[in-house]
Amino acid sequence: MSEPILQFEHVSKNFFGAMALHDITLTVRPGTVLGLVGENGAGKSTLMNILGGVIAADEGQIRLKGKLYSAGSPADATRADIAFIHQELNLFSHLSILDNLFIDRFPRIGRTPLIHRREAVRRAKEALAAVNLSISPRTQVDRLTPGQKQLVEIAKALHGGAQIIILDEPTTSLTSRETERLFALIERLRREGRTILYISHVLADVLRLADEIAVLRDGKVVRTGARDEFDIDTMIAAMVGRQIDQLHPIRRGKPGDKVLMSVAGVTEPGIVKDISFDLHEGEILGLFGLMGSGRTELGRILFGLDPFRSGTIDVCGQPRRRRTARRSIAGGMAFVTEDRREEGLLMEASVAENMALVALTNYRRNRVLGTVDQLALRRALDEMTASLKIKCVNPRTNAVKSLSGGNQQKTVIGKWLLRRPTVCILDEPTRGIDVGAKCEVYSIINDLADRGNGLLCISSELDELIGICDFLLVMSKGQICGRFRRDEFDEERILAAAFEGHVERGPRDSSGASN
Amino acid sequence: MNMKTLLLTVALLGALDVVVGGLSCSRRVPIEDQLTICFGFQDLETEFWVAGHKAITETLRAKGIRVLERNANQDANRQLEQIRDAIAQEVNGIIIIPQDGESAVTIVGEANRAGIPIAVFNRPPSDRSNPALVIVADNEKIADEAVAYMAKVAREKGEGRKWKPLIVVGDLGDRNAVARRKGFFNVMERNPDLFETPIEVPSKWDPATTLANLEAALQANPDVDFLFTSSDFLYPQIKAVLEPLGKWKKIDEPGHVILGGLDGDSTAYKLMKEGYVDATGVQDLFFEANTIMEALLAAIEAGEKMPEKWMDDPGFALTQENMAERADEMWGYRVLHDE
Amino acid sequence: MQSSDSVTSQTRLACLREVVIGRVLLSDSFVLFLSVAYFLVLWIFLPRLGSARNLSNLSSNIWPLLVLVIGQMFVLIVGGIDLSQTSVMAITSVCGALMMTSGLDPELFARNPLWGVLIGEQGGPAGGSAAAAPVGIAFMLAIGMLIGSANGLAVARLKMPPFMVTLVSMFFFSGLAIFITRSENVRNLPDAFLAIGQSYLGRVPTGRGSVGLVPYSFFAALALAVAAWFVLARTILGRWLYAVGMNRRAATVSGVPTDRVIVWAYAVSGFCAALGSVLYSSRLGAGRPTLGENVLLDVIGAAVIGGISLFGGKGKVRWAFYGVLFFVLLDSSLYMLNLKFYTVNIVKGVVILVAALLDVLRNRIRLGRAPTGRAVAA
């Protein structure tokens, strides 16, 4: 057993009161591949970001070859020979491969600021050869396939002398051929003695490549061990195993028969394919999927923010082809978006102003002048604020950005409820809010359903959906690949369905360009 | 709002006001019987205006008068505001070079209402509805004289053919430009046998525009041989166009284009001396400046509130013939030799 | 003893900072205080500042500029900018004048493209008639709104950057204005029209005659200001304007008809530019193709000084007024000090720069001051 190259000791990180990482202790041996798996939000990216110098840990330390390591910036990490190949590649698309490789270290002519082009070309060819990429270094990067771009990034890392390479979801945009090529490269690097940290949802790949596997859950390391100790099922079980505590209100209501929203064959090439389901009155329908499964995109399509090529969406018996947000709202729909900062709230405006935004036209006093019945509106706002238990000093003067995440989210929900929608789509309704507020939001959702509305809850937190939904749809790669009734809820099966497109490595659809 | 805030606000003003107040302090010497005259002008883009500005300001200051200079930068609205401010400062008299005839009328009206005598230099108001002291050169007559001489030269050449004339026209918003054009065309009409239909090239009183338009005109009509410019300050552009075409020749050289202009600046003088230019209509700048100043000062002295007098500067045409005797009457000559 | 002293002085310092930042810098009426204080302190050095005539001049300079700034404010609130206000002034001045004029000099206008078609020696289509002035004014306002709407459509539908759209507009329409009149000024406008910019309600006697008390342009500005305040503070459109300016995406998701709102904002700006053109043209007594050439800096400068944010989502009518007040005061006082005109421009430029920096600073302070954040729409 050689000296460990990397040691995480009691590393912790919290974001605004939420524990993203809790007491992580991990050891990595040189010349091995460590596979890191876990659900969304389990903490994998956070941990790697700390290693890569993007963020700093709050507690604990990291040892690199036995010595304390701390990176204040990505440049520090690079200097320590750690390379982080992100999922979104960091290449300059309008520059050539050559420029990208040497952007921060062009070979110079002597001491002048002039670039030694020929030397640069020679070194570039060397670097590309190391990753088995035979393309001219002068090629502009935006002409490369995602697989080739990735190899360029790896080439850059290797050429810089990286000893530890972190790969974050490397195969999401690759064709099978490119994936094979990547794996061969990883194998070769391992033999050369470099260390690879491999993060992926594709459990089969992890099983194939890794020497050791670590499973994270809720910011903690729940299981580590040699590859032989794992198979797909054990990995999933480790990722999932937790108690569903009494966070969720008891679901008493039952969905009726009346269909509020009927979706049939909705397809938008490249985004979603052949989506069909019905939403009944009084029903809480959950939509689960991993990142990139198309769930948020589906929500946006249903609400009318994005177009779709074919299929139909009927809301309250009224089919509409040309959909806009305004028409959907008029038809009784609501959409609590994923990112409240970007699309849900006017951060500078007061709580009252934000909550009034959607329902304004309902309180119109005079059609011509467009004045508002201030009194009625104020009363309605006060009622809503109270019933949602939004805590703020003065809703009319406090800017929304001064509220806590939970209260902000409740403001967004209040805004939509003021208009009394029949169909509500909620995307990540409890993202970034504390446990207490989460409870409150769940009760609100429950009440809404009990009153006969239909709700579609999109979320990446499976336990949340299991707790509140009547019916669960699972999406993967833009398609629905699992439907579960409440009495059929089984975390492992659901998760397996979500990974479905990732588990089998058999006939894999080419994603377009081949090398 | 509490005391602190109020004090702080005023304190913050300290910086700004100390600076501004300091600047004003340095100009504080109001002698009780010193006259103050506001001189409003529009940029000093040509030699004529520079010389005019110098003549007026130096003469007035030499008399111990305080001159408030206001450059309106070719913005009529700004000049209106500046003159109003001057009126508020209770100046004794106003001299303006207006941007155009219409704004002149409006500004004169303001002075009238305040009872301050106002003089308009060189660019007349477009009507006489508001009384003012106005000095304006008889541009039509001066242009006529100059072009008539040029026509005489053409006739004397006796080539028995029609000449192809071209006129560089000034900005027709300026009455003076309109008058000069008229003078030119008067001569054309008197000599129908001598001239073809003249080509008009607009200059908008702008060198770049002149260059472009003149080039285009000469491309379309390469046989132009008789050229009059509404203002001497455009000679550099004319030379730039004629020279590459081989048309920039002295009087006794073959291919000489009969050339004339108006204003009388030092460039014109030099070119006449060298023999490129045949005639220049001269506005008697110094005469105009002195006349208008004397009229204004007399009005102030007499306590007149709305003096009205339209004065003429007859000017004259300086030609190759009379150059020897009359050159020193040309202000451009004097500017050249004063330096 | 020592330590508690230093503690109290420390807290005092912190308190002072709090007051300076909290109350003064971030205060709504900061610029008003500034204007009043500036005036008072400067009055000591320049007693003429307070004379009736000077105050009358200041007043008549304020109202036309205020009209323009209110228009620009609407566009700034939705996060855009309108560079074409100057050329809208020019083209409406010219079109209105051609419509209203009762006589045109053939020598100057004979080669005009419209000669014989719509205008002649007797003037324009409405020239000489009793309704000339109202028809001309209505015509001008309509053109202003039309151009504004076109700008708005380009920004909203074609998604072009406002800077680009209004810059192109500016060049196009000022060129068109010059083309239509061959750069001549159009005179012989009806007296009723001229009265707007040149007459006053009531007179005040001064040392040398009398001075106008309330210019008619004041009433136009007042009516506009009241209407603008009403829209922004009391109507749905007003709230939508702020919403679009604060966060366009959130507004769209929340069902605000974003495109329509943007078109309205630019249409208002065009309308105000036309109204400003009415005031300036009547003041100068002619339709001018070069009207307003240099006024854009003043408009944006006054808006920024008043506290209307260039980033969008913020703006009130009274801020526009404070900004114009300070700006006109500054402008006039600098000239009164007999500074050369380029010095005046330099000082004005520096003041606007400071105001813009203050805007950025205030924005940043506000973003960092979570607990006592204040709402900004009326």
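Mentor: We begin with a definition: a helix here is a DSSP run of H or I with at least four residues, numbered from the N terminus. In this predicted model, Leu101(A) is found in helix 3 (residues 97-101) of chain A.

Trainee: Is Leu101(A) buried or exposed, and why?

Mentor: A residue is buried if 20 or more other C-beta atoms lie within 10 Å of its own. Leu101(A) counts as buried because it has 24 C-beta neighbours inside 10 Å. Leaving aside neighbours within four places in sequence, Leu101(A) is in contact with Ala124(A), Ala127(A), Ala155(A), Lys156(A) and His159(A).

Trainee: Which residues of helix 9 of chain C are buried?

Mentor: They are Ser217(C), Ala220(C), Ala221(C), Leu224(C), Ala228(C), Val231(C) and Leu232(C). These residues cover an arc of only 95° around the axis, which puts them on the same side of helix 9 of chain C. On the other side, Ala223(C) and Val226(C) are exposed.

Trainee: How does one describe the packing of two helices?

Mentor: Two packed helices are described by the angle between their axes and the distance between the axes. Helix 9 of chain C packs with helix 10 (residues 236-246) of chain C at an angle of about 75°, the axes being 5 Å apart.

Note on methods
Residues numbered from 1 in each chain as written. Chains lettered and ligands numbered in written order. Predicted model: local features only at pLDDT ≥ 70, side-chain atom pairs only at ≥ 80, totals over all residues. Buried ≥ 20, exposed ≤ 12 C-beta atoms within 10 Å, placed from the backbone. Helix = DSSP H or I, 4+ residues; strand = E, 2+ residues; numbered from the N terminus. Arc of directions from axis to C-beta. Contact = placed C-beta atoms within 7 Å. Axes fitted to C-alpha atoms, helices over the stretch in contact; angles between N-to-C directions.
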